[in-house]
Amino acid sequence: MQSWSAPAVPVLPGRGPALRLYDTADRQVRPVSPGPTASMYVCGITPYDATHLGHAATYLVFDLIHRLWLDTGHQVNYVQNVTDVDDPLLERAERDGVQWQELAASQVELFGTDMTALRVLPPRDYVAATEAIAEVVELVEKMLAAGSAYIVDGDYPDIYFRADATEQFGYESGFDRATMLELFAERGGDPDRAGKADPLDALLWRAARPGEPSWPSPFGAGRPGWHVECAAIALSRIGSGIDIQGGGSDLVFPHHEFSAAHAESLTGERRFARHYVHAGMIGWDGHKMSKSRGNLVLVSKLRAAGTDPAAIRLGLLAGHYRSDRFWDDATLAAAEARLDRWRAATTLPAGPAADDVIARVRRYLADDLDTAKALAALDGWATDALEYGGHDAAAPRLVATAVDALLGVAL
């Protein structure tokens, strides 16, 4: 599948410090230590509705990581999926009286347009679930052969993954069984499915039902489960031992826990990813932003109303990526004012020296993406430039280049 177009990323003089990030599984901030090519798998959208600010905030996190890796001299193998066949998509298509393929294609296109406007660097491989059926079938065959999966007897012989197939299952989330069962039921699981060996066992292959899309396989026609899709795409495009698996915090369990376990049950490795990185949720009007609640703030609607995408980006970067936080009119107004000040300061004929502020921005971002401190440092430089001036003619353009390269904001 074709990803969106890539913005140019300017190269800054020098190199930033090595990146440190909070790891969900280890519950601490620790160094990220990739080789010459850093690898990252980030879960993509289920394309049944438009991009909201929660989506945007998540993908900005991994865009920052991508940019910081480039700044430290790494190549980046970034892979992202699109879950273009799943129950929510099929249900929305039926409700709206459109073909599910048509709905998926339109929303993938809109998502790409939003990502382009926000200047998010695209993945190297952008893979739809429907493009990875062969890889999923191969994985399911291997798990059946290894005994980590089984077929449920009945009219619809679905295939399930054994939650106890790996000894370390549960290490990523750290949740107890009661919490797992609660979240499993809330987030797409089917704990009450008759015939399962354990309520926590996760669907690998959904046997074909009347009126549902399906693909042939050695174990009967059907379609992939949610978690195995990501395991198959990540293993085929990156391999085991990826540097970062990432997404929103609502994916920690069950999605990321199971996709990691699927891969680990076949590779025998203790950890699917060296780092598990998750972004906090964005809320509006005191609640989590979600389609079911109907309180979405859509990137496309903000853009259509004339909002500068750079201001959207700055508004989302004003809070720490791991924190759950709220968006409101004041957040956007503050971001627009900040953008105006930065643009005014970086178009001056001269300004204060830029080396110190760029070094601090690099240091703050490398420390678990502390965007609040990075933005504050740039605010200070802009205030000095606007109120007191400076004698360095190269500084305004150099600061603008740094803001573009590291934060993805074009001034």
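In what order do the four strands of the open sheet stand? The order is S6-S7-S8-S9, and the pairing is antiparallel.

This is a predicted model, in which local features need pLDDT of at least 70, side-chain atom pairs count only at pLDDT 80 or more, and totals for chains, interfaces and linings use all residues. Residues are numbered from 1 along each chain as its sequence is written, and side-chain values use heavy atoms, with hydrogens and water left out.

**The whole chain**

The protein chain has 13 helices and 14 strands. Both are DSSP runs, numbered from the N terminus: helices are H or I with at least four residues, strands are E with at least two. The C-alpha trace spans about 80 × 45 × 35 Å along its principal axes. The radius of gyration of the protein chain is 22 Å, which agrees with the value near 22 Å for a compact globule of 411 residues. That radius is taken over C-alpha atoms, and the globule rule is 2.2 Å times the number of residues to the power 0.38.

Of the 411 residues, 57% count as buried. Buried means under 20% relative accessible area, exposed means over 50%, and partly exposed lies in between (1.4 Å probe, protein chains only). The accessible surface of the protein chain comes to about 16600 Å², and 49% of this belongs to carbon and sulfur atoms. Such areas come from the Shrake-Rupley method with a 1.4 Å probe; for residues, only the protein chains shown count as cover. Among contacts with a separation of 6 or more, 79% come from residues 24 or more positions apart. Contact means heavy atoms within 4.5 Å.

**The open sheet and its helix**

Strands S6 (149-151) and S9 (222-224) stand at the edges of the sheet. Each has a single partner strand, so one side of each is left without a neighbour in the sheet. Neighbouring strands are turned by 25° against each other on average, direction ignored. Two strands pair if DSSP finds at least two bridges between them. Three bridges join S8 (residues 202-207) to S9. Arg206 has Arg223 in S9 as its bridge partner.

Helix H4 (residues 133-146) lies across S6, S7 (159-161), S8 and S9. H4 runs at about 115° to S8. Axes are lines fitted to C-alpha atoms, for helices over the stretch in contact, and angles run from 0 to 180 degrees between N-to-C directions.

**A hairpin and a helix pair**

Four bridges join S1 (residues 20-23) to S2 (residues 28-31), which run antiparallel. Tyr22 stands opposite Val29 in S2. The hairpin has four residues between the strands, and Arg27 takes a positive phi near 60° there.

Helices H5 (residues 177-186) and H7 (residues 252-267) pack at about 100°, with their axes 9 Å apart. That makes H5 roughly perpendicular to H7, a label for angles of 65 to 115 degrees; under 35 is roughly parallel, over 145 roughly antiparallel, and the rest oblique. Met180, Leu183 and Phe184 of H5 make the contact with Phe253, Pro254 and Phe258 of H7.

| Residue | Relative accessible area |
|---|---|
| Arg338 | 16%, buried |
| Met281 | 18%, buried |

Arg338 sits in helix H10 (residues 329-345). Leaving out residues up to four places away in sequence, Arg338 touches Leu314, Ala318, Leu375 and Asp379.

Met281 is in the loop between strand S11 (273-279) and strand S12 (282-284). Met281 and Arg177 are 104 residues apart in sequence and 24 Å apart in space, C-alpha to C-alpha.
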